[in-house]
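Hi,

Here is the structure I promised to pass on to you. Have a look at it first, and then read on for my notes.

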Amino acid sequence: DDDDDDDARSVNDAPSSVSQMLRRWLEINARDAHDVSAKGGNVMEYAKRSQVSVAAMTRAVDAGVCDGDDGDDGDGISSVAAVAMTKCAAGALHVRLATLWPEVIKLTAALTTRTRTHAAAWTVVFGDLTETMRGCLDAHDAAAARAAEAKKTKTLTGGERGGKRAAWDDFEGGDGSGSNATTEAAATLQRRMALDTVPVEQGVERWARLGLLLRCVAASPSAASRHPLPIARLFLAYNAPKPDGTPRAGKAWRQGLREWLKLLLDALNGGKPLKALERGVGDATRAVLERTVSADEPDLASLAVRCLASWRLPHLTPDLASRLVRLTSLDTVKDELTSLKLDEPQDGGGGNDSAAAAAVPPEHRPAFAKLVVRCLLPRLKRRSGRHAPLRAAALAWIGRLDPAEIVPLVYSVIAPLEPVAARRRPDAGPGPASTDVELDLVLDLDLFPAASTPWQDALVATAAGDAVSRAGWRALVADANVGALARDGSRRPAGFLR
């Protein structure tokens with residue numbers, strides 16, 4: 001048995017069997033990466049050995065040294081070995097050792113790329129990704145609900161308006177008596193203390209691990225291209241509204257969105273294979289990308305534009321897409337607005353190639369202008385400092401557009417007043433003819449963002465001169481109870497009507 005000689009082998013030597021690989025995983029997980037005591041040994045040496053050992057296993061998988069372990073013939077590792085190794089690799093992403101993660105991602109990509117048994121490894125990776133994302137979104141929604149409840153309690157006790165704040169003595173009744181407000185405040189405090197005292201999960205924090213699993217999928221374009229529909233549904237589930245209909249936000253969520261966009265760009269050619277998906281999946285994916293173009297973070301907006309550029313849309317040529325990317329940057333947006341023209345040059349082709357490249361055919365002008373407006377929306381939110389000239393340049397450029405071309409700007413103004421229930425749509429599901437196991441993993445994530453809302457559709461029709469849609473706004477405003485919002489002061493977001 002050559003397994004007895006494994007201790008004598010160098011960690012840089014490629015293992016020759018699955019048992020040797022499992023023994024190496026045992027050594028990697030045998031100690032805590034944060035144990036810096038004398039008993040724990042040299043952390044740097046442990047990190048280096050683990051990194052080299054995983055790289056050796058990647059070479060072994062690429063060489064197919066584990067062929068035939070379950071009696072199969074042909075090229076590639078066996079399905080049993082693929083499942084075992086993929087589970088070990090996914091488990092290694094819990095280890096808080098950043099130098100180990102790139103090698104683990106390469107090993108996972110090698111396991112899911114093998115043409116013969118990729119399905120077994122892919123099922124493990126996709127299942128782990130689905131469960132991790134579900135945990136992240138559940139924790140995100142629960143934290144948002146707790147924050148809303150805490151804000152409501154603070155307002156009731158007068159803390160937000162300058163009234164008397166709750167003190168520790170207010171909860172020391174002893175006999176359990178007291179007002180309902182005091183009892184509610186005590187329960188809220190008890191929940192907060194429980195959340196602070198109960199330790200979080202061990203290992204890598206769930207949001208960081210979600211990013212690592214997304215990188216694992218992005219590292220294997222061949223595997224991702226075989227499963228576009230499950231990936232698209234999971235991407236839409238990530239961008240779906242919360243159960244109460246409000247959109248998700250936050251730093252951790254935006255970092256996850258950044259990893260998702262990188263996955264689409266690197267593994268799925270910007271999401272172009274998703275364009276033809278039925279049941280509204282392709283349209284909803286495009287709507288999410290177009291909505292992300294107006295993200296406040298320039299890198300998120302740039303990634304969304306680069307993804308849309310791969311879709312080969314008639315109004316977004318490669319030259320125009322490169323100009324949109326520069327519009328998302330704070331350093332180049334002003335210069336691009338100066339040179340970006342929506343009309344064809346009138347000099348009869350006098351030699352200005354940049355102007356000709358920036359020109360948009362008349363039939364595609366409205367669609368492209370709307371994308372430009374989306375790119376400029378973040379520049380309109382800040383008025384002082386270095387942002388003042390950028391805001392003035394954006395407003396001057398938008399001021400030359402037609403009414404139908406500024407629909408995204410008008411909707412961004414009135415969207416906080418639209419009823420949140422109108423911005424969520426139940427997914428139709430994969431249909432009775434589908435037997436894909438991967439689709440069953442995301443069935444409980446049963447919401448994905450709609451391509452448009454009733455107010456968006458009404459804006460488009462109104463800008464086109466539809467008299468019926470113009471008259472229908474009175475009913476839409478009445479349904480949204482805008483009058484009460486104006487009287488009481490809107491809190492979507494706070495101070496919006498001001």
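Of the contacts in the protein with a separation of 6 or more, 70% are between residues 24 or more positions apart. Please keep in mind that this is a predicted model. The protein has 498 residues, 44% of which count as buried, and its secondary structure comes to 22 helices and 2 strands.

Helix α9 covers residues 228–238 and helix α10 residues 251–267; they pack at an angle of about 155°, and their axes are 11 Å apart. Since angles over 145 degrees count as roughly antiparallel, α9 and α10 are therefore roughly antiparallel to each other. The crossing of α9 past α10 is left-handed. On the α9 side, the contact is made by Ile-231, Leu-234, Phe-235 and Tyr-238. An α-helix has 3.6 residues a turn, so residues three or four places apart point the same way. Across from them, α10 contributes Ala-252, Trp-253, Gly-256, Leu-257, Trp-260, Leu-261, Leu-263 and Leu-264. Sorted by class, this contact of α9 with α10 has 11 nonpolar residues, 1 polar and no charged ones.

How many of the 11 residues of α9 are buried? The count is 10, so α9 is largely enclosed by the rest of the structure. Among the buried residues are Ile-231, Leu-234, Phe-235 and Tyr-238, and Arg-233 is also on the list.

The next pair is α11 (residues 281–292) and α12 (residues 298–309), which pack at an angle of about 140° with axes 8 Å apart. That makes α11 oblique to α12. Here, too, the crossing is left-handed, with α11 passing α12. Arg-286, Leu-289, Glu-290 and Thr-292 of α11 meet Leu-300, Ala-301, Ala-304, Cys-307 and Leu-308 of α12. The class count for α11 with α12 is 6 nonpolar, 1 polar and 2 charged residues.

Ala-321 sits in helix α13 (residues 318–327) and is buried, with a relative accessible area of 4%. Beyond its sequence neighbours up to four places away, Ala-321 touches Val-305, Ala-309 and Leu-316. Phe-368 is 47 residues from Ala-321 along the chain, with 9.8 Å between their C-alpha atoms. Thr-328 lies in the loop between α13 and α14 (333–339), and Thr-328 is buried as well, at a relative accessible area of 4%. Setting aside neighbours within four places in sequence, the contacts of Thr-328 are Pro-298, Ala-301, Ser-302, Val-305, Cys-375 and Arg-379.

Finally, a word on backbone angles in two loops. Asn-269, in the loop between α10 and α11, has a phi near 55°, a positive value in a residue other than glycine. Is Asn-269 buried, exposed or partly exposed? With a relative accessible area of 43%, Asn-269 is partly exposed. Arg-312 is in the loop between α12 and α13; its phi is also positive, at about 55°, although Arg-312 is not a glycine. Arg-312 is exposed, with a relative accessible area of 52%.

Happy to talk any of this through.

Best wishes

Key:
Residues are numbered from 1 along each chain as its sequence is written. This is a predicted model: local features need pLDDT of at least 70, side-chain atom pairs count only at pLDDT 80 or more; totals for chains, interfaces and linings use all residues. Side-chain values use heavy atoms; hydrogens and water are left out. Axes are lines fitted to C-alpha atoms, for helices over the stretch in contact, and angles run from 0 to 180 degrees between N-to-C directions. Helices (H or I, at least four residues) and strands (E, at least two) are DSSP runs, numbered from the N terminus. Angles under 35 degrees count as roughly parallel, over 145 as roughly antiparallel, 65 to 115 as roughly perpendicular and the rest as oblique. A crossing is left-handed if the near helix is turned anticlockwise from the far one by less than a right angle, and right-handed if clockwise. Contact means heavy atoms within 4.5 Å. Ala, Val, Leu, Ile, Met, Phe, Trp, Tyr, Cys and Pro count as nonpolar, Asp, Glu, Lys and Arg as charged, and the others, Gly among them, as polar. Buried means under 20% relative accessible area, exposed over 50%, partly exposed in between (1.4 Å probe, protein chains only).
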